[in-house]
Structures are given as C-alpha cells and as structure tokens.
Amino acid sequence: MSPRRSALVPLLCVVLTLPGLTGCNARPPSQPAASTPAEPEAMPSSTSPAAQDTPTTDPAVDLSGRTIAIDPGHNGGNASHPNKIARPVPDGRGGTKACNTTGTATDTDYPETDFNWGVAQKLERELEDAGAEVVMSRDDNTGVGPCVDERGTFADDADLMVSIHANGSESATPKGFHVIVAEPGSSEAVEDDSNRLADAMSKALADQFTPNSAYGKNAISRRPDLAGLNNASVPAVIVECGEMRNPDEAETMESKSGQQKYAEALMQGIVDWY
Ligand SMILES: [Zn+2]
C-alpha cells in the first residue's frame with residue numbers, strides 16, 4: 001500500500017501558540033474565521049452538529065511546512081487474514097516479528113482498529129486545518145497490514161511519527177494511557193527527539209486523561225522490542241490511548257466525541273513538541 005500524501009508545502013514556518021489556548025477548538029464557534037491563515041476551502045462546510053464535523057482550525061496554530069506521519073495501528077482486514085499477518089518481517093533489531101496483529105477490543109467487541117482509525121482521521125483533520133502535510137500508514141480501515149517494518153519506514157521524510165493504539169489488559173481494572181518509545185533509538189538524535197515527543201504526548205494527554213504510571217514515570221514506557229518504532233528513522237512514539245477492557249475508558253473510546261478528545265490531545269502534544 002502506498003502512503004497517501006498531500007501537496008508539498010514550503011519548508012519554513014513559525015509555530016505560534018497563544019497563552020491560554022490549550023486545545024484545537026479554543027476559538028469560540030461565534031468568532032469569525034477571517035483571521036485564519038489556512039485556506040477556507042480546506043474545511044468541509046457542514047451543518048451537522050456532530051463533533052467531528054465542527055471546524056477545528058485554531059488560528060493560533062500554524063504547522064505550515066511541517067510533515068507529520070500518522071500510523072493508525074492494525075487494520076480492519078487483519079482478522080480475516082491470519083496467515084498474511086503472521087508472516088515474519090524484519091523487526092529492526094536483526095530479528096523478525098509477525099507482520100501485524102489484529103489488536104484488541106472492548107468487552108462489547110468494538111475493535112481497536114476502528115478506534116485507532118477514528119482518532120487518526122480526526123487528528124489528520126486537525127493537522128491539515130493547521131496547515132501541516134500528513135502522511136498516513138494506511139488509506140482505509142478495511143485492508144490488511146501494512147506490516148510493522150513498513151509502519152516504521154512509510155514516512156522517512158516526516159518530522160515525526162505517531163502510532164495510535166489502545167491497550168487490552170487481561171483485567172478490566174487497569175485504566176489510563178501510556179506512551180511507548182524505543183530504547184535504544186535508531187540513532188542518538190532520533191532517541192533524544194523521540195523522548196521529547198513522548199514527554200510532550202504524555203503531558204498533553206494528562207490534561208484530559210488518566211496517565212497509567214504502572215508503565216513508567218509519566219506513563220512513558222521505554223522498550224527495545226517494538227518493530228514499528230525500531231524501524232523508524234524519524235522521532236516516533238506509540239500512544240496507547242487507554243485500556244479497552246476498562247468500562248469507563250471503553251465508553252469514551254467507542255464514542256465519536258471521545259475520539260475527538262483523544263485527537264485534540266495528540267494534536268496538542270505534536271504542537272508542544274515543535
Ligand atoms: Zn494496538
């Protein structure tokens with residue numbers, strides 16, 4: 001599958017954030033968008049009250065010239081093709097790992113891949129509204145793969161990569177997000193920038209969600225065994241947004257409004273990283 005990519009944009013820009021504006025919806029709906037630098041035709045004109053259709057451009061955030069890679073974990077067709085996703089691929093550390101997995105689900109069988117895809121689409125829109133170029137690891141939620149090695153390398157020229165997942169624990173008790181970063185990274189510079197990205201993501205998510213410190217200080221887990229991160233040549237993190245078997249978090253993750261909240265938190269983490 002070839003990555004989707006919008007038109008190239010100039011490389012120089014300045015990221016501006018106004019004090020007190022912490023989300024991407026900080027502009028009140030009644031405020032005119034005339035001062036918004038982004039082209040208005042990029043925003044769908046919709047009369048739907050649904051949260052995902054509300055224009056979300058924040059004039060305080062300008063990501064023009066920035067390229068962000070988003071990897072929505074797993075894929076909707078993985079479960080129907082066990083042999084394809086079981087085939088070994090390079091793990092980025094000289095070994096091999098299964099191409100992909102099916103992901104987890106809530107107790108009501110809402111699949112992780114649907115949640116990941118929903119948040120990724122909303123984050124893509126937030127980023128594009130702010131002028132960024134977005135590269136996605138997959139184009140839909142019905143295919144198979146791509147394999148974990150491609151998920152690390154699909155956007156070698158991006159500034160950073162965010163892989164979106166949700167966790168599935170045995171018990172329904174664990175709650176909260178955690179962020180995973182490769183240790184060691186593919187280079188010292190990538191490792192440093194990935195650690196900064198993990199810090200930014202953890203702080204932004206903690207404004208609205210519960211950090212699960214069982215995975216490490218500030219809910220950041222450093223692991224050598226995740227092929228997507230090991231194969232990444234750009235700063236990269238996996239965000240496990242929450243626990244799908246926790247009933248409270250499952251309810252949030254299954255809702256469009258909950259997915260929008262996750263997307264806005266990830267957006268804030270990206271802006272803070274820059
Ligand atoms: Zn996952």
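Visitor: Before we start, what counts as a salt bridge here?

Guide: A side-chain nitrogen of Lys or Arg has to sit within 4 Å of a carboxyl oxygen of Asp or Glu. Keep in mind that this is a predicted model.

Visitor: Okay, so which residue does E183 form a salt bridge with?

Guide: R222 is the partner, and the closest N and O atoms are 3.8 Å apart. The pair ties together distant parts of the chain, 39 residues apart: E183 is in the loop between β7 and α4, while R222 is in strand β8.

Visitor: Is E183 buried, exposed or partly exposed, and why?

Guide: Partly exposed, because its relative accessible area is 38%, and that label covers values between 20% and 50%. R222 gets the partly exposed label too, at 39%.

Visitor: New topic: how far does helix α4 reach?

Guide: From its first C-alpha to its last, α4 (residues 188-206) spans 27 Å, close to the 27 Å expected for its 19 residues.

Visitor: What do its buried residues pack against?

Guide: The buried residues of α4 pack against strands β6, β7, β8 and β9, plus helix α7. Among those buried residues are V190, L197 and M201.

Conventions: Residues are numbered from 1 along each chain as its sequence is written. This is a predicted model: local features need pLDDT of at least 70, side-chain atom pairs count only at pLDDT 80 or more; totals for chains, interfaces and linings use all residues. Side-chain values use heavy atoms; hydrogens and water are left out. Helices (H or I, at least four residues) and strands (E, at least two) are DSSP runs, numbered from the N terminus. The expected span of a helix is 1.5 Å times one less than its number of residues. Buried means under 20% relative accessible area, exposed over 50%, partly exposed in between (1.4 Å probe, protein chains only). Contact means heavy atoms within 4.5 Å.
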